[in-house]
Amino acid sequence: MEEVSFAQAIAVGLGAIIGAGIFVLSGTAISLAGSLSLIAFLFIGLMSVLIATQLGELSTIFPHAKGSTYSYAFEAFGYELGFLTGIMVYFSFSTSIAAVADGFGAYIVSILGLGKSIAVIFSIILIIILTILNIVGIQKAAEADFFLVLIKLSILSIFILAAFIIAFGHFSISHFYSSPNQIGILPFFSSSIAIFFAYTGFQVITSFSDRVKGGPNNAAKAVVVSVLISMIFYILVAFSLILLVPASRFKINADPLSFALDYAHAPSWLHIIVDIGGMIATTSASLAMILLSGRTLYQIGKDMNFPSFIIKYNQSKDVAPIATIISSFIAIVSLFAGNVYIVASISNFGLIFSFLISSLAVFHFRRKKIIGTYKVPFYPYSVILTIIMLMLLLVGFPRESLVINSSIMIIIIILSYILKDLREEKLKNNKIKYN
């Protein structure tokens, strides 16, 4: 199997991060907390760096793990908690594909001048095409993502520069004034939920850390670098959006950059460039998330003895084709679950849970004197701070997301014990048979 370079690993991480947040959910974050969202971008960025360092250490302990946070939970805490974490994080990955693809549909209908109602058709087509690309193999997917990221960052830079030029001479400090319902603790953490969804794609790198040139240690560094680069662009773009549109005028939609350019009556050529950038951004993010969700389901199925057809793995192409197809099917169904913020918040719950378990896994392995070649800086204080920050995010969850995810967790817990009993009974019967 061919290796993935350090630059390509960073590109895959950036592809998963920059797309969902900047091009799809940045406007939603501003609509929820106004100018306070700028602080929320920084808050979540710093938290993501902390999480990235912990996943980096865990990835050097288990360099061949395919399921990222699920694999770490399984190795640290065993079957029950591992199964719960695995299904929750897999559900998060699969539904996150829908949120990002929703953005692609919104941008393509914007550039074509079509009605928003048919955007979902283009979202479905994107998911199908990227599923095929992932099945071709991780190396080809990584190569494609590398060039997509270079183009995407260039377009974002053009947008930032253009926003400052357009705002020059027309900007009013009132753009940073928030409406009453955008001020307070609840709006801040609600905005943080949207932003958190945008950052979390960095963990895709840990799902193939053994393939990165220089080994898992370089993969861990690639995770941190991708988060830091993304945080810089996130804050600059959010600031640029408010330069173009008063913070109080933003609303929940999947194409905030197009909305801002429309509001500011930007030149049509700029609008076209940014729409193309939005399509590229959401394409690369969807590409990375389909990869991660498929590999996660494969790893869960392998550990939990799922039917053999689910855990079929093509070693030459380093891909689980059936698991990838299942993930894409769930993503297509999720497109009809609600607006982009609802889908993102549903996805976030499982991610937050998995990151909490990962932080506890770092404590678990450190206590057993099992330490990776890459070590979490400022341990244990950085890990404790991460846990506190993750818990605070629960304040911002919409009620429907908490209800849905709590119900799913209860079902998973019941199912895990049923599967455990069936497995133990099967092992017992086999033992009696051979005796």
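This is a predicted model: local features need pLDDT of at least 70, side-chain atom pairs count only at pLDDT 80 or more; totals for chains, interfaces and linings use all residues.
Me: Good to know. At what angle do H5 and H6 pack?
Reply: Helix H5, residues 79-112, packs against helix H6, residues 119-136, at an angle of about 125 degrees. The two axes are 7 Å apart. H5 and H6 are therefore oblique to each other.

Me: And which residues make the contact between H5 and H6?
Reply: From H5, the contact residues are Ile97, Ala101, Asp102, Phe104, Gly105, Ala106, Ile108, Val109 and Leu112. From H6, they are Ala119, Phe122, Ser123, Leu126 and Ile127. Sorted by class, this contact has eleven nonpolar, two polar and one charged residues.

Me: Is that crossing left-handed or right-handed?
Reply: H5 passes H6 in a right-handed crossing.

Me: OK, what about H5 and H13? How do their axes cross?
Reply: Helix H13 covers residues 340-367, and its axis crosses the axis of H5 at roughly 150 degrees. The axes come within 8 Å. Since angles over 145 degrees count as roughly antiparallel, H5 and H13 are therefore roughly antiparallel to each other.

Me: Left-handed or right-handed for H5 and H13?
Reply: H5 passes H13 in a left-handed crossing. By class, the contact of H5 with H13 has 15 nonpolar, seven polar and one charged residues.

Me: Switching topic! Where is Ser59?
Reply: Ser59 is in helix H3, residues 36-61.

Me: Buried or exposed?
Reply: Ser59 has a relative accessible area of 1%. Buried means under 20%, so Ser59 is buried.

Me: What lies 2.8 Å from a polar atom of the Ser59 side chain?
Reply: That would be the backbone oxygen of Gly56.

Me: Last one: where is Pro246?
Reply: Look in the loop between helix H9 (216-244) and helix H10 (256-263). Pro246 counts as buried, at 12% relative accessibility.

Me: Which residues is Pro246 in contact with, leaving aside its neighbours within four places in sequence?
Reply: With those neighbours set aside, Pro246 is in contact with His175 and Tyr263.

Key
Residues are numbered from 1 along each chain as its sequence is written. Side-chain values use heavy atoms; hydrogens and water are left out. Axes are lines fitted to C-alpha atoms, for helices over the stretch in contact, and angles run from 0 to 180 degrees between N-to-C directions. Helices (H or I, at least four residues) and strands (E, at least two) are DSSP runs, numbered from the N terminus. Angles under 35 degrees count as roughly parallel, over 145 as roughly antiparallel, 65 to 115 as roughly perpendicular and the rest as oblique. A crossing is left-handed if the near helix is turned anticlockwise from the far one by less than a right angle, and right-handed if clockwise. Contact means heavy atoms within 4.5 Å. Ala, Val, Leu, Ile, Met, Phe, Trp, Tyr, Cys and Pro count as nonpolar, Asp, Glu, Lys and Arg as charged, and the others, Gly among them, as polar. Buried means under 20% relative accessible area, exposed over 50%, partly exposed in between (1.4 Å probe, protein chains only). A polar contact is a pair of N or O atoms within 3.5 Å; within protein, one must be able to donate a hydrogen and the other to accept it, and residues adjacent in sequence count only if both atoms are side-chain atoms.
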